[in-house]
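Subject: Model handover

Dear colleague,

Please find the model below, with my notes after it.

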Number of protein chains: 4
Amino acid sequence: MNFSSDNVTGASPQILDALMRAAEGSVSSYGADPITARVQEKLGEIFERPVTAFPVATGTAANALALSTLTPAWGAVYCHPNAHIEEDECGAPEFFTGGAKLVHVDGPHGKFTAEALDARLAAAGIGNVHHVQAAAVSLTNVTEAGTIYTPAEIAAIAEVCRKYKLKLHMDGARFANALVALNCSAADLTWKAGVDVLSFGATKNGAMAAEAVVFFDEAAADSFAFRRKRAGHLFSKMRFLSAQLDAYLTDDLWRKNARHANAMARIMADGLARLPGITLDHPVQANEIFATLPAATIDGLLADGFAFYRWGSAETPSIRLVTSFATSEADARRFVERARDLGAKTAAE
Amino acid sequence: MNFSSDNVTGASPQILDALMRAAEGSVSSYGADPITARVQEKLGEIFERPVTAFPVATGTAANALALSTLTPAWGAVYCHPNAHIEEDECGAPEFFTGGAKLVHVDGPHGKFTAEALDARLAAAGIGNVHHVQAAAVSLTNVTEAGTIYTPAEIAAIAEVCRKYKLKLHMDGARFANALVALNCSAADLTWKAGVDVLSFGATKNGAMAAEAVVFFDEAAADSFAFRRKRAGHLFSKMRFLSAQLDAYLTDDLWRKNARHANAMARIMADGLARLPGITLDHPVQANEIFATLPAATIDGLLADGFAFYRWGSAETPSIRLVTSFATSEADARRFVERARDLGAKTAAE
Amino acid sequence: MNFSSDNVTGASPQILDALMRAAEGSVSSYGADPITARVQEKLGEIFERPVTAFPVATGTAANALALSTLTPAWGAVYCHPNAHIEEDECGAPEFFTGGAKLVHVDGPHGKFTAEALDARLAAAGIGNVHHVQAAAVSLTNVTEAGTIYTPAEIAAIAEVCRKYKLKLHMDGARFANALVALNCSAADLTWKAGVDVLSFGATKNGAMAAEAVVFFDEAAADSFAFRRKRAGHLFSKMRFLSAQLDAYLTDDLWRKNARHANAMARIMADGLARLPGITLDHPVQANEIFATLPAATIDGLLADGFAFYRWGSAETPSIRLVTSFATSEADARRFVERARDLGAKTAAE
Amino acid sequence: MNFSSDNVTGASPQILDALMRAAEGSVSSYGADPITARVQEKLGEIFERPVTAFPVATGTAANALALSTLTPAWGAVYCHPNAHIEEDECGAPEFFTGGAKLVHVDGPHGKFTAEALDARLAAAGIGNVHHVQAAAVSLTNVTEAGTIYTPAEIAAIAEVCRKYKLKLHMDGARFANALVALNCSAADLTWKAGVDVLSFGATKNGAMAAEAVVFFDEAAADSFAFRRKRAGHLFSKMRFLSAQLDAYLTDDLWRKNARHANAMARIMADGLARLPGITLDHPVQANEIFATLPAATIDGLLADGFAFYRWGSAETPSIRLVTSFATSEADARRFVERARDLGAKTAAE
């Protein structure tokens, strides 16, 4: 009954099994092992082209290392003001890039448009030595508002990137959730739409601690191995990172997990939306729900033992609910039922 | 038969079991879970005092983050020229400290003395704005030459640190191996001897990927949580790091694993030392052996499938052998036997 | 007839004379000379208390070095979105602080209020490891809109700083212009109002290239000497920086120069404000004028050889005019006259 | 009578005159002025090819900014252990490069050979992710021991650079002194010998505070303008930096000043070498003398009011003497005479 985040979960049994198997015997360290090679291949298959991929253990590392290959220290990375890289990484992008700037492009529901980006860049003072230099754009898919960029929207943004010679990064901490929601291919959602580098998340969707930085632009990958080592993110027993990704990509586990998480969010969103006094703050397109509820209902749900974050202000109390591969349908339905009962009780008082 | 490093191994069964158990249910993320709290307590017991400890996944992260709390960007960290932080971390200490300098204090067998350190510091230009400012000392125990600093040697170095107001860091990637070799307490080998911060290694000695940065100087720990997050080293599913450390510290697993590794090295070192034409380059005090062998013997061992690193030059061919919790006595003995046979064969030719 | 900036000027004769005199004989380098000592004393007199002051050659260096003493790398500096540190220093604050973040507090006419600051800080996640940590506030006086913070406004902001335990920096690139406009004491405008560190500008107001970073908070000054050297901003022949500041502070030159610049702006602002079709975009309180003019008038003035920057957009064309110690009254009046004539001509067409 | 350094001097009259002239009128700021353009041209003439040159105010800035264009943060710059960048810049190269490492190549008299460099690089682990990556070589000419690299020696070093694909930087804080000592062309001593970037010093040789970073490798210059601004080293009133360089390069002032300084050192070196009990520690090839003297003679000279630095240890007392454009022949000869008298007195006792 914990809807605080998709990182309060454990791990998928298939991934744990893979870890057990990976523990046997001696293998070369630092990634020169067969499991790591296999992950590279599987990613190539999924993305329908050769990619250069680097496993790391956290999403912050994936994002910050990826961005550090895309911008000089005097560069700027354009992102939504609510982007994880802007709000939730304690300045990791600034640390890894040597002090590059994150510049905001705002928009509703956690997304910005190609037009908004273009307008910002037109006024960015490109080439002027007094200003930081636009270098990259980062978008999050699934966004921090639980919404999704479509391939067409990404392609439009990528076109603006090309116009200004910028690189395009996608923070895919919940990439699988976006993918299955769109029912498109991984290629369509990334390089075919113009993405240069992807933070391919697995931790939130069933892994223990594993992400991959996937480069579609080979040149950008050149320095990555050094950057990763230098940042303490090269695992000596790399097989244990890779084994997670290997299992994640096997038998479609990653898509299955994501589909389940999204379905649970669907149930909750549909249920809540029907209740009087409750409104959804953003379209629910993946596995996150942002909803405005009566304060008494929120208090009651927390008192009942449901865990989730308060999101709004005292005046307009809202909450965030996150579902995952581990959310049971019973829990999802129970939450809606309790919200209904609590709402009815409040209304009756 | 892989003696390349103690990181070519898998993980201890007890640690894998702990991971399985830790995977169950929902818990708070980012370290607010009961397993992480338990690790903190266990470390307190082992070190016989309250400590502030932070789990991270790699030794490079542990060292670089620890050092970043001990020196300003214009500071200097004094270490042996063969220290891991100097030679094998691709500049991670420089990255995490914002460009502090590693200054060499040399000495035989991977160790430096308090006197050598004192001499360097006396000429360091402390207070002079033109020079980087001595800020910390880092020693490795077990050293990169497989030797060990005794508590008395460390205390002498710590006294020099106090004289110049420097902090003392210990890189304990193989801390357990040093401890069991000395048969002293963890307290004796660290804070009682004057160590301020310890990189407490577990990965090489049975964990999958887990270390702890242990602070005996509370003030230095203040910024650590922010530094760790900012560097992408704060795990969302922290329980999986902590579970490894928890099992490692349970039922004396860490000391048992280290004792075994040291014993295997003893067998190999004693065996090799007895063979004609073979000399040990450094005293073998823990789980690493550096030996000079005839080139033909080295070639023969590699041809036989034994894995290890060449260490010397073409003129004076030497090798490094590392044993671990996973090394079997049979493998250890077989290596010595083959070396003996190959040597005899060469002598006969 | 160049109103582009106050840095298109040469230098005051008194300052040039001082440089000539300073060139004689041998003196100790790196600031151990009598002129540098004298500047320190004079600043103490002006600020009515002992200060720790460091000459540097550029305003960007002054600001970035000052800020680097006030925030850790994972800190945040709150400033107006149009602050020079945010917009015009190519990321120097980020470079010198190791990647700290500049966070915007917006407000009209280049200023933010204590209330707006408080609201931002209340939502800043102080103490939460996921977010950069509020560390300092920087305000510019004269602001980038040519307006001025009063001592009372600064004191209110400083109170918010104390509430959240933040340091307060003032970018005083045009400090003298603010001071004479307010007709208050240097102490009133700085430490008595709660400012911890001041970038005390001289370059724009008659010096060749000289600023001083003035610390009212001694603790913050501790690391400055090392930071300045490390950044290449410690002059070997320091006397030449100090001689400029010495002359600047002698016989009230700094206030005289600023009074003249402000008076010239007054003439121009009053003159322009009276003309039909021209509006002042911000209150003119020091030596900068932002005005919206008919496009034809702007074009005509540029064609006449007046130099200044266009500031607005194609739809609402505006300009920035900056006066200085070197602006002649004749030039100031001639500009207004030409604007009048051009406006009349346009109206007639 | 101050032989402490060549930065205890004032400035050449011609340079002061140029500053006075440069102060007149309004010109574009930040380097878009005619004097700055003229300096660029003059440097092109001197180096017999187009160059991209950037004025800065200090030697530390010149070196650190230059190196920052030559190495990634995980790179290594090879230099002599006594190099100014290693010993006397408080870690500026580390700051500007984001933490690159300075790696020592030792050799007598402040110089290293191409062979010594090659040997170091052969063992540098190029391409190995665990080690910082060799990126550049920096040599100082005149060296910190007052000796000189010949064009042939530099060419040999440059050949090693090409072998390992490294860039070659020359710290020419005393470039003019080296040049006139060798009686070769500026081209011969730099790009024709394989130098990619030169820190072209003027401050020590008659300027107030002016150096130029001269790029012979255009690609490396690309980022310099942004780096300079970001580091606070872009002067708004650039004409005042450029005017110094302009005068320095006019009528051969730079060579004349250097010839004089070298000649004064010659007089002193020859004089001292003839005295009993005094030995020169390094060949005197430019304007620096390192000499071992009896302790009593050193004490006596200091008591007489001669200023200079002690250089050796208590056991082997030595001193450093630096001559400059401002050293008078009378002072040079007086020093030798006093050393002779003091020596005779000591011998008689």
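This is a predicted model: local features need pLDDT of at least 70, side-chain atom pairs count only at pLDDT 80 or more; totals for chains, interfaces and linings use all residues.

Residues are numbered from 1 along each chain as its sequence is written, chains are lettered from A and ligands numbered from 1 in the order in which they are written, and side-chain values use heavy atoms, with hydrogens and water left out.

Chain A splits into domain 1 (13-253) and domain 2 (257-348), with bounds from an automatic or database domain assignment. Their C-alpha centres are 29 Å apart. In chain A, 18 residues of domain 1 contact 16 residues of domain 2 (heavy atoms within 4.5 Å). The two domains of chain A bury about 1,400 Å² between them, 48% of it on carbon and sulfur atoms; buried area is the accessible area (1.4 Å probe) lost on putting two parts together, summed over both. On the domain 1 side, A:Arg174, A:Asn177 and A:Val180 lose the most area to domain 2, together 29% of what that side buries.

In chain C, helices α13 (residues 253-273) and α15 (residues 329-348) pack at about 15 degrees, their axes 9 Å apart. Helices are DSSP runs (H or I, at least four residues), numbered from the N terminus; axes are lines fitted to C-alpha atoms over the stretch in contact, and angles run from 0 to 180 degrees between N-to-C directions. α13(C) and α15(C) are therefore roughly parallel (under 35 degrees). Among the contact residues are C:Met264 and C:Ile267 of α13(C) and C:Phe335 and C:Val336 of α15(C).

Regards

Notes
Helices (H or I, at least four residues) and strands (E, at least two) are DSSP runs, numbered from the N terminus. Angles under 35 degrees count as roughly parallel, over 145 as roughly antiparallel, 65 to 115 as roughly perpendicular and the rest as oblique.
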